Structures are given as structure tokens and as C-alpha cells.
Amino acid sequence: VGDIGVIESISLKNFMCHNLLGPFEFGPNVNFIVGNNGSGKSAILTALIVGLGGKATITSRGLSLKGFVKHGENSADVTIKLRNRGTDAFKGDLYGDCIIIEQRISADGSRTCKLKSKSGHVISNKKEELTAILDHFNIQVDNPVSVLNQEMSKQFLHSKSEADKYKFFMKATLLEQMKRDYIHIKQTKAITRDQVERQEECLKDLRQVYLQKKERYENLSSLDQMKATLEDLKQQMAWALVREVEKQKQQLEDHIESEETRDRYNEKLEEYQDKINKAEKTCHEIQERLENLKEEESYFEGESRRLKEQARERSKAHKEQEIVFFRTQNKLKQMEKDCSLLQRRIEKLKNSGNHNQEDEHLKRQKKISSLNNQLADLDIEGKALSQHIKEKQQSLFKEKEEFDKLRLEEKKIQLSLESKRKMLNQLKASRSNRLKRFGDHMPELLDTINRAYDQGRFIKKPVGPIGACIILRDPSLAVAVESCLRNFMKTFCCDNYKDEKVLQGLMSRFYSKGNRPQIIVIPFTDHMYNIQGRGVHHPEFPSVLETLHIPNSVVANCLIDMRNIEAILVIKDNDRARQVMQQGRPPKNCREAFTGDGDQVYNNRYYSAEYCRAKYLGGDLEAEIRLVESEVENETAQLSRFQQHSHSVTQVIKQMENDLQSIIINGKRNQASVNQVKAAISELENVEEPQTEDNNSLEEEVQDILQKIEAEKQNVKEKKKELDKHKQLVSEADSKYHYVKNRMELCVEETEPIKEELVKAEAEANKLERILKVWERKQKEHQDNIQAMRSELAVKQEELQETVAKAKQISPQRLPVDRSAKSIDTEITRLRQCISTEQSQHGDQEQVIKEYSEALINYKNNSSQVKDLKRFIDRLDNIMNDRQARYKKMRRSLSVRCKLYFNNFLFELKCCGSMAFDHNNETLAISVQPPGREDDDMSDMRSLSGGERSFSTICFILSLWEITESPFRCLDEFDVYMVSSQFSAAVMGISLALLHV
């Protein structure tokens, strides 16, 4: 099941003829909606199309959206939840695990859309956002393969035309849309060619333009009259300039007054300062929770070791008590058996005469004595074997524990070795190109950016990666600086969001979506920010900004905005860093510091660095390569030793297991021999005594044995109670151990989210601090802007006085002017042109030559443009020919795949058939042989029954599913004309198709 685009639920209100339907919660695989006619099955599919932005005509249920509103109601509501999980989620940080789409259709046919997050918060109400979501999830509500409604289903199932099936195939695979696009391009190209031909006709007129310059001003007034008018316009122009300067001065005064009254920066500064205090308090609380969890984890770890040892001891005692119990039980059984034999012997003696068997009795006694000696030897051997088994089991347990530790260490070394080898390859690659330190694709990406900039695709050329744009003044501080800027070393800077979009497209050629370098949009300026009063100054230690030489002001401003490098100290010694930051008040404007080892130090906490080597800012490349090679060699040798040791331990474990198994077998054989000897002894002891023996003594012996049996039974019960008690103790110890172990694991699991929460809280606090710095800078810029406007106002006042003085020199009396200076200037320019034209008629030929030259250049430029357009059209012809060939190849590939999947589905459903495409005549012929008619010839769709035709059509649709991609598919009334067996086979086919998806 996919993680994005899947429909989780849908609900309808006042839709069509239903007051309320849903919410319908859909399962992860196939969902069937069944019900009587009019119960709302097709209404759900219609609501799905409309809810996802489809038009009313697509549903085949009406021509306007207002037809879907229930009669007598003002509006209808459709709510759809789409799954939005995984790495390909659409804006997962905004929407969460699902996207809620709410469509409201009014009675007048209009509709509004709300896009909500999982928590119900409205994210957007724009149609473009919904379109972006559908494109991201590859949802096509107008594609009949994705959504096949009732009318389309009936029409398609009724259709016997091969052309209709071919059209359905083209539409489902979007080949029809591609074909229409190519036709539209050809038509547009033809129109463009016609326009170019018409433009060629216009070029002929441009050649005669310069000849018409002589007659342009023939109907104008005389030269003297135009000069007088020109003088009047100059006087008006002088006072028009005065009027405009006065207007600019008034606008500036109004703007200053408006800016002084619109000071909202203090409120913002207080607001973000409160947020920063809350964020720091949250970080402190999370840190306390984390420390408490670590203490609890340490406590449970010690308890776990203690309880594990206690459980082992109790288990050992339980096994020993179990052996005692079984021995007592065996003794009781033996006594009961002896008693039974004596009783049978007494009965036989009562019924038999006295015979003299003294010799046989002596032989039996000797035999019994010999067997008792053998039994004693076997008991000694059995105890020795039992002790040996326990020792072997303990040794085997220790060896397995040692083997598990070795495997864990070996895995850690393998991961470290792989990381070091990757680093070594990057360092060797950076010998020829330093940019390869930032990734194998970085040089190619920068070449692509340069080419795109040369082609004019960027407004301003992006800057990056930042790590390649900075230079360390002191190479010994590389680890500290890189630990501070690690997240920004591969970052690029763009001047605007248009350039960012272009750069994202270029990066997509080399990096997958989740692994692309970060892009920061920041206005490019030629000067670095003024950080006076904001940066940290310490007599002994520099800030990160002071340790770097940054030639590019854009990079410097970006790091100041995003990382506050002017407020971070670099202190080589760890103890000295703790002393400066945590013992007393930190330096002014300083919130954190980095040590020479890359550790991060705050005024109330300390974080150790994850990396001990500079990856991007290292100085001596060859020394780093030798160091990494040495580490790789050492870890390779260490891994080899671990593997050899693991192999030897494995061999020892196998040998110990074999030895243990051999000892266990010997123990079983010993026990079998003991049982045999005991049985022989019991048999000899229970042989009938001579008849002269007194029956009374035997009966007394029987009574004595019965008393012993009763006593032994009581002993067995006591041993059983002790055994149960030990068993209970073992169970309690195991229960306590597993409880403590689970609590310890729970603490470990809870620690990770809290660590992530702490990182996020600290990131949020840093972000708020950066925003606060931005607002402080904006406030200062605002105040500087007001001061600059006041200075400009003073300049404008002086300019006004100068302009009035100049105007009085031209016209002492102020003239009323109702025209703008621009219009008067345009009129003056026109008059000067007319005067110049008149002068040219009296022998001034330079202006005529100039105008002729300009007209000729204009003609040449237009001619060049027409030629360029012709070349572009010819190139477009070649591209279209190539696209047509690719289109035919793609069409052939899709048809072959469709045939293959169609035959596979028929084969899996115990049918056979064929599919033939005729792209020239645009037909699709399907021949099917239903089950049970294997001996018949292949028949086309027209010779099949309605149910068989529906069944084969379902197979065709399933084939189209396999060659198209969509997060879900919807079929309405696909079982038309099917009998139950065909319906079952169709359901089986849908299930098989989903297994392939």
C-alpha cells in the first residue's frame, strides 16, 4: 500500500438525494461498496470526482455543479481525506500524515475549497494548491482508468467497437493528450510561419522610412513662431519644476509623519523576546527530563544485572530441587513396586509347598552384591557426568556471550570502516578538484549553473557552496568552525525565488529530492552588514566571523542572518571555554562558543562534537589522506582480527556443543545402565523364597514397607511443595528481571524522542533569536530610513530655494501652471525637433543623415530577427520529428506491455485470449476463449455474452492498471451482466492486480 494519495475516508452532506453519507473509512487494499439501488454507491464516486476538483460533466451525472445540491438545501459538502506519509509526502511539515479536502457546492453552482492539515487547521483555499497536490500524488480524476463511473462503465461494457476500445486505451495512457499537444504545436508553428512571412512583407516598407523624414513637418508653423512658443514653454517649465519640487517636499513630509506614527518594531521585539524566554525555559525543562531519564536508565541497568544474576541463582536452585524431587519420586515408585512383588510372593507361598533352594538363594545374593557394587560405580559416574554437563553449559553460555559482543564490535568497526573509505575516496577525488569535497556531483552542478547563467536563465548568478566561498585565517580552528557551520557548508544562496526555482530544477539532475543541498533566498548586496553593537568582542578569543576571510558579502550576510557568526566565540581549550561561558556572566552579545575539538558550549549546557576531523575546511590534503588511509588500514586490520577471533570462537562454540552433546548422550546411557541394574537387582530380590520361609515374617515386612511408603509419600509431597516454591521464586525473579529490562528499554526509547525534542527546541530558540536580530536590524533600518528622509527633506528644501531662484531668473513673475513638467518637456522636445527639421530643410543635412542611419539599422535588426525565427522554426521541425518517433516508440511499448498483462491475467484466471493493436486504423481487437470452451475457436468480443464481455473487459482494465500509475482506482458497476462465477473471477483479478501494484 502506498503512503501518499490513498483515500482514507469520504463523507457527504446534502449531496444529490442524500442528507448524510459517511464517513466511509476505507481499508488498505480492495474495498467493495454494495447496496440497493438508490442507496448512494454511485453518489460516493461522483462526490469523489467533484471533491477532487473534477467538473460536473466528467461525472456523467449532470452538466452543472448546482445539480448535486439536494433539493431544498442551500449547499452540499464533500470531505475527503488523502494519506500523506513517507518521504514523498506533500508539504509534510504543514499537512501532517493526511490532507483533508473540503468542497462546498452552493445552490448557484459555485464552489469553495478548503485544504486542511491532519489537525484540522486550514492551510490553503486556493485551487492551485489542490492542483499541485493532485499532480504530486499523480491523481487524474478525468482518466477512466483511475475513476470509471457508472455511465462510462455501462457505455464501455455495451460497446463492441474496436475503435472505442482503442480510444479508451489512448485516453487511459494519456497518449491521446500527447497526440493533441503535438497537433496543437504543429498548428501553432504553421501560424507562426505565416506571421513570419507577413513580417517579411513589412520589411520592404522599412527601407523607405528614411525617405519620408523630409515631409514629416511640412505642415508645421514657421520657425520664428515655433521659437517664440518654445520660450514660453521654457518659462512654464521653470515654474513647473518648482511645483514638482514642492510636491515632492510635501510627499516627503507626509511620508516622514506616516513612518513616525507607524512604529510597530518595539512590539515585535518584546513579543519575540518573550518567545525566546519561553523557548529557553522549554529547553531547560527538556534537559531536566532527559537527565532524569538517564538517571532512571542507569538505575534500571544496575537492577537488571542484579536481578539477572538472582534469577540465574534461583534457576540453579530450582533445578537442584527438581533432581531431589525426582529421586524421591523414583524411590517411592521402587518401594511400591517392591511391596507389590512381596504381596504376590506371599500369595504364591500360600499356594505352594516347601522346597529346598538354598544354593539358588546364595547365588542370588552374590549376584545382588555384584550388581550393588556396579550400581554404586554407575551412581558415581552419573554424578560426575551431571557436574560436567553443568560446567560445559556454563562455559558454553559464556562463550556465546563473548561471541555476541564480538559480533557487535565487528559491526561497529564495519560501519566506521565504510564511512572512512567513503571519506578517503572523496579526499582523493578532491586532489584534482577541491569541490569534490562537497560531493561527487558538485563540480558538474557548478558547471551547469554557469551555463544556465550564460544562457540568461538566472537574474543573478547563485552563490555556493558556502564552504567553498570561505577561507580560514587559522587552519587549526577548522574543526571548531566546521562544527559551527556544518549544516551550511553545502548551502547555496539565491537572490530571489525565481532563481531558487531554476536552481532546484538543476539540482534535481544530480541529487534525489531528500539529498539536495540547501538553498537560502537572501537579497544580494555589495556590502556586508554593519554588525557594530551586535557582535561579540573578547580580548583573547575571536568570533567565528573574525576567524574567516569571506570575499563575498552575500555569503557573509547569509551566515550572519542564519547562524549569527558574529556572536559565536571560538575557544581552543575546553576547560577555558567552560570557564568563559559557564563560570560567571558570558561576554556581551555571546550566547554560545565552540572549542578546538568542535564541542558546543552554552552558558548552562555543554555538547560534545560528533566529528573530530574537518571534512570541508581541512588544510593539508595529502596529510589528511595519509591520516585517513592509516585509519582505514588500522581498522581493516582490526576488523580482520575480530573476524579471525569470531571464527575461532565459533569453532570453539561448535566444539563445546559437540562435547556437551556427547556428555549428555553418555549421561543418558549411564542413566539407562542404572535403570537396568536397578531392575535386575529388584528382580533378583523379589525372587520367591523357599517354602519353608515363614509367611508371617513376609507379611510383617509388607506392613513395614507400606508404612515406609506412606512416610515416603509424605516426603514426596513436601519435596513437591519445595519444588513449587522454588519454581514460584524463579518465576518471580524472571518477572522482576523482565519488568526491569522492559523499563530500561522503555527509558532508552523515551530518551531518543526527548533528544530530538531538545534539538528541535534549541533550533526553535536559535531561530527566534535570528528573527529577533532581524527585527532589531529592521528597527534600526527604520530609524535610519526616517533620519535619511529628514536629511533628504533638508536637501529638498535647499533644492526648492535654488529652483525658485532659477525660475525667477527665467520668469520673474510666477506663472500659473496646470501641466506636468514631463508633458511640457515633451512639448519642448517636439518643438525642438520641428525647429531642427525646418533648419534641415534650409541646408542642415546632418540630422537627415542621422535619421536615415537609424532607419537603416532598424531595418537590418528586423531582418535579423526574421532570420532567427526561421532558424527556430526549422529547429522546431527537427525536434517535432524526433518527438513523433519517440511517441510511436512509447505507444508501441505500452501496447506490448498491455498485451502481456492481459494474457497473464487471463492465464491466472484459467482463460486464454489475445489482443491486437492496429495503430494505423486506430482499432483494438480482443479475442477471448472463456473457461469450459477450450475446444472452441477464439471468439471476438461481439460473439461473447454480456457477462463474458464484462469479464474480458475487466481483464482489459486490469491490464491498463498495470501500465499506468495512480494511488487508487475506482470502478462502478463493473459486474454488469456477470454471473457469480465470473464475478468471483473478476474479484480475483482485481486482487491479483493489486498484488502486482
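Helices, as the term is used in these legends, are DSSP runs of H or I with at least four residues, and strands are DSSP runs of E with at least two, numbered from the N terminus. The model shown is predicted, so that local features need pLDDT of at least 70 and side-chain atom pairs count only at pLDDT 80 or more, while totals for chains, interfaces and linings use all residues. Residues are numbered from 1 along each chain as its sequence is written, and side-chain values use heavy atoms, with hydrogens and water left out.

**View 1. Lys189 in helix H6.** Lys189 lies in helix H6, which covers residues 175-206. With a relative accessible area of 18%, Lys189 is buried, a word that stands for under 20% relative accessible area, whereas exposed stands for over 50% and partly exposed for values in between (1.4 Å probe, protein chains only). When its neighbours within four places in sequence are left aside, Lys189 is in contact with Ile873, Leu876 and Asp877, where contact means heavy atoms within 4.5 Å.

**View 2. Asn858 in helix H19.** Asn858 belongs to helix H19, made of residues 846-908, and is partly exposed, its relative accessible area being 37%. Although Asn858 and Leu206 are 652 residues apart along the chain, their C-alpha atoms are separated by 7.7 Å.

**View 3. Glu285 in helix H8.** Glu285 is part of helix H8, which spans residues 265-350. Glu285 counts as partly exposed because its relative accessibility is 40%.

**View 4. The protein chain as a setting for the close-ups.** The protein chain has 21 helices and 19 strands, and of its 997 residues 39% count as buried.
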